[in-house]
Amino acid sequence: MKPDHNLIWITIMMVFTQLVAFYLVRDLDWKWVMFWAYAFGSCVNHSTTLAIHEVSHNSAFGQSKSMWNRWFGMFANLPIGVPYSISFKRYHMDHHRYLGADGIDVDIPTDFEGWFFCTTFRKLMWVILQPLFYAFRPLFINPKPITYLEIINTLTQIAFDIIIYYFLGIKSLVYMLAASLLGLGLHPISGHFIAEHYMFLKGHETYSYYGPLNLLTFNVGYHNEHHDFPSIPGKSLPLVRKIAAEYYDNLPHYNSWIKVLYDFVVDDTISPYSRVKRHQKGQVVLE
């Protein structure tokens, strides 16, 4: 349970890689702007959101420098185009403390999502629009007062977006936003959203993924390990599995996020309702 300082340099590299991409796409035809947004930018931006996930657990600078992690999260947020780093931290801590708690864990789909997105076509639409549901779901399930850090995050992001538009033009701005929307929607990496906690097998609420895309996602696929030890950086989660193999090797797990997405869409027995929901008892302390 110690910080992963390599996370800092990897995140900085991803941010500057996207800055170079913003420059390179500024004069391309629109079809190529959208092509590169999906083929390249989506992978970088989704990976960056998972770097922010790591930072939300204070993995960059350690638990003793929580504010350093918050400021760095805002920096990592820049190429995504939409301010969310600070808010994600607040809601994600609730997800770990109160996994599946009704009205607290905003990772749980709303009743409307479970009721409406129940056919193959509708589930496909739900997967495509996942980033929008994740963005607006907290407003309906567990709205929180706005903090000064969220205001700073928002103002910083708006200023960055304006700078990109002013110096590089509309195509660079669209590339940035499209990369985030496409990368968090119908995309191979997005299989982790469903793989993590959707109950494909009755009695198993959380699943790990041990496929190659962990290399791009800071080992977020090691999800049972992550929920057991959320203060251990992603780079060390394979070591957790190795040390405690008797606890993890016999659990059901995935080797393909693409297959998870396919099975979710076509399997009539799986829907946004396929989550464990708990009615919380006792005292609740929210982030």
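Modeller: Start with the record. UniProt lists residues 31–255 as "domain: Fatty acid desaturase", in an unreviewed entry. The model itself is predicted. Over residues 31–255 the chain is 61% helix and 2% strand.

Residues 6–25 are 95% helix and 0% strand, with end C-alpha atoms 29 Å apart. Residues 114–136 are 83% helix and 0% strand, and there the end C-alpha atoms are 15 Å apart.

Now the spaces. Rolling a probe the size of a water molecule over the atoms shows where empty space is left.

Go to the largest pocket. Its volume is about 1,300 Å³. The lining consists of 40 residues. Tyr 84, Phe 88, Pro 131, Tyr 134 and Ala 135 lie nearest the centre. Which elements give two or more residues to this lining? They are helix 2 (30–56), helix 4 (85–97), helix 7 (130–141), helix 8 (148–168), helix 9 (170–183) and helix 10 (191–197). Helix 7 gives the largest share, eight residues. Sort the lining by class, and you get 23 nonpolar, twelve polar and five charged residues.

Two packed helices are described by the angle between their axes and the distance between the axes. For helix 8 and helix 9 the angle is about 140° and the axes are 7 Å apart. The pair is therefore oblique. On the helix 8 side, the contact uses Phe 160, Asp 161, Ile 164, Tyr 165 and Leu 168. Helix 9 answers with Ile 170, Ser 172, Leu 173 and Met 176. Seven of the contact residues are nonpolar, one is polar and one is charged.

Next comes the second largest pocket. It holds about 330 Å³ of space. Nineteen residues line it, and Ile 10, Ser 47, Leu 215, Leu 216 and Phe 218 are the closest to its centre. Helix 1 and helix 2 are the elements that give two or more residues to this lining. By class, nine residues of the lining are nonpolar, seven are polar and three are charged.

Helix 1 has a packing partner too. The axes of helix 1 (residues 6–24) and helix 3 (residues 66–77) come within 9 Å and cross at roughly 30°. These two helices are therefore roughly parallel to each other. Helix 1 brings Ile 8, Thr 11, Ile 12, Val 15 and Phe 16 to the contact, and helix 3 brings Phe 72, Phe 75 and Ala 76. This contact has seven nonpolar residues, one polar residue and no charged ones.

The largest cavity has about 50 Å³ of space. Its lining is Ile 52, Val 55, Ser 56, Asn 69, Arg 70, Gly 73, Ser 85, Ile 86 and Lys 89. Three of the lining residues are nonpolar, four are polar and two are charged.

Notes
Residues numbered from 1 in each chain as written. Predicted model: local features only at pLDDT ≥ 70, side-chain atom pairs only at ≥ 80, totals over all residues. Heavy atoms only, no water. Axes fitted to C-alpha atoms, helices over the stretch in contact; angles between N-to-C directions. Helix = DSSP H or I, 4+ residues; strand = E, 2+ residues; numbered from the N terminus. Parallel < 35°, antiparallel > 145°, perpendicular 65-115°, else oblique. Contact = heavy atoms within 4.5 Å. Nonpolar A, V, L, I, M, F, W, Y, C, P; charged D, E, K, R; others polar. 1 Å grid on protein atoms, 1.4 Å probe; cavity = no way out; pocket = protein on both sides within 12 Å on 5 of 7 lines; lining within 4 Å. Points joined across faces, edges and corners; volume = space filled by probe spheres on them. UniProt positions renumbered as here; feature names shortened; annotations may be inferred.
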